[in-house]
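Trainee: I would like to go through this model with you, one feature at a time. Where should we begin?

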Amino acid sequence: MTDDTPWLSREQLRAWMGFVAVMELLPAALDHQLQRDADLTLFDYMVIAMLSETDCRTLRMSVLASATNASLPRLSHVVSRLEKRGLVARCPSTEDRRATDVRLTDAGFEHIVAAAPGHVRTARRLVIDALSDEQVAELDDISRVLLSRVDPDGRFAAVANIPADEPSICEARLTGTADDSFPDVVDGIAYRPATRDDLPLLRRASLDAMNWSAERFTDADLDRPEFAHYSAAFDPERSSDDRSADLGVVASDGDGPLGVVWAVHLPASDPGYGFVAEDVPELTLAVDARARGRGVGSALLARIVAAGRSAGWPGISLSVEDGNTGARILYERVGFRTVGRNGDSDTMQLTF
C-alpha cells in the first residue's frame, strides 16, 4: 500500500511544533495576567470587549457566542458569573422576545477600561516587543492567511469587526486612542473630583484607612506630622503644572459620601509611609462600611489611576500594612507591585 500522507519536512516540522507551543503557552500567560490583575479570564475579557464594540454595548446571546467562538452553554455559564459581579446584565431582546440580549453595565465598561492597560503591557512583553516592525507586519499577514482557513466565514469578531479605515472601540482602547471617560453616575452613586473643600472628609477618611483592622488611632492622632500631611497637604490647585497638582475622587449618594481616594505629592523632607519619589504622589483610599461590596473602591481606584495617567504622572505609590489582604489584592489587580518595605508595611507602586 502506498503511503500518500504529505509528511512534513524538518523545517516545516520545526515551524509547526513552535507554533503549537505558542498556541499552548500564550493563552495561559494572558489568562494568568488577567486573572491576577483584573479577576478576569481571557475569555471573560473577550466577552466584555465584544460587548463594548457596539454603540449600546448590547448583543444577542447567539451573536455574542459566534463573535467569541463559544458554545451557548459555555457563554451562558460565563455570562452568569459576570452577571453576579454586576459587569453584565441579561434581558429579553427588544427585537425578538424569545431571544436574550446581554448588556455591558457601566461597571463592566469601567472594568475593561481598567484591565486594558495590563493586558496591553502583557501582549507587548510576550509578543509585540519581541518582534521587529517588519516581523509584526509578517505576523499580521500570516495570521490573516491562517484565519482564512480556520475561520473562512469571518465569524471571530475580534478580527472581523476591525475595519480598514476606522478603528473600532476595542482597537482604539488597545492602541491608547479611545475616549474612556468614566460616567459621573453609576448605579445611583455619583463620582466627582475632590477639592480643598473636602479636606475634612479626607481627614476622616485618613482615620478610617488607618483603622482598617481595629480602632487603633483617634482623631487626635491625625495631628501628628506623620499622619497630618496626608490630608492637610492635599492641594489640587498647587500648581498650574498638572504633573505636580494633587488629585482625588469622591463617591457619594443621596445619604452623603461613600468613599474617597486621593493622591498627594509629598517632599523627600516629609515623606509618607509609601514614599517613592517627589514626583510620584502617594495614594489613600477609604470606603464607608455601607458601600463595601458595591464596587465603590474599584471604581474610585480606576478613576484616579486614569486621572493620574492623563496628568502625566510617572506613577502612584501607597503603603499596605501586613494583614490587609483585601486592599493588597485590590491594588495588585490594578497593577501595583511591591517596591520596598517600611516597618510592617509594603510600599507598592503603579508605574505608568
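**Salt bridges, helices and backbone**

Mentor: The model is predicted, and 20 salt bridges are found in the structure.

Trainee: R36 and D37 meet in a salt bridge; is D37 buried or exposed?

Mentor: The side chains of R36 and D37 come to 2.8 Å, N to O. R36 has 39% relative accessibility and therefore counts as partly exposed. The cut-off for buried is under 20%. D37 has 8% relative accessibility, so the class of D37 is buried.

Trainee: How many residues apart in sequence are the parts that D253 and R290 tie together?

Mentor: D253 and R290 form a salt bridge, with the closest N and O atoms 3.0 Å apart. D253 belongs to strand β6 (residues 247–253), while R290 sits in the loop between β8 (282–287) and α11, so the separation of the tied parts in sequence, in residues, is 37.

Trainee: What is the distance between the end C-alpha atoms of helix α11?

Mentor: Helix α11 covers residues 296–311, which is 16 residues. The expected span takes 1.5 Å times one less than the number of residues, which gives 22 Å for α11. The model agrees, because the end C-alpha atoms of α11 are apart by 22 Å.

Trainee: Which residue follows α11 with a positive phi?

Mentor: Buried residues of α11 include V296, L300, I304 and A311. After α11 comes a residue with a positive phi, near 85°, and that residue is G312.

Trainee: D39 is not a glycine; what is its phi?

Mentor: Most residues other than glycine have a negative phi. D39 is in the loop between α1 (10–38) and α2 (42–52), and is partly exposed, with a relative accessible area of 32%. The phi of D39 is positive, at about 55°.

Trainee: Where is N69 found?

Mentor: N69 is not a glycine either, and has a positive phi of about 55°. N69 is exposed, because its relative accessible area is 53%. Its place is the loop between α3 (61–67) and α4 (72–84).

Trainee: Which residues gather in a patch of negative charge on the surface?

Mentor: One member, E134, lies in helix α6 (residues 133–150). E134 counts as exposed because its relative accessibility is 54%. The patch consists of D133, E134, E138 and D141.

Conventions:
Residues are numbered from 1 along each chain as its sequence is written. This is a predicted model: local features need pLDDT of at least 70, side-chain atom pairs count only at pLDDT 80 or more; totals for chains, interfaces and linings use all residues. Side-chain values use heavy atoms; hydrogens and water are left out. Patches are made of residues with over 30% relative accessible area and no salt bridge: like charges are joined within 9 Å, nonpolar side chains (Val, Leu, Ile, Met, Phe, Trp, Tyr) within 5 Å. Accessible areas come from the Shrake-Rupley method with a 1.4 Å probe; for residues, only the protein chains shown count as cover. A salt bridge is a side-chain nitrogen of Lys or Arg within 4 Å of a carboxyl oxygen of Asp or Glu. Lys and Arg count as positive and Asp and Glu as negative; His and the chain ends are not counted. The place of a charge is taken as NZ of Lys, CZ of Arg, CG of Asp or CD of Glu. Helices (H or I, at least four residues) and strands (E, at least two) are DSSP runs, numbered from the N terminus. Buried means under 20% relative accessible area, exposed over 50%, partly exposed in between (1.4 Å probe, protein chains only).
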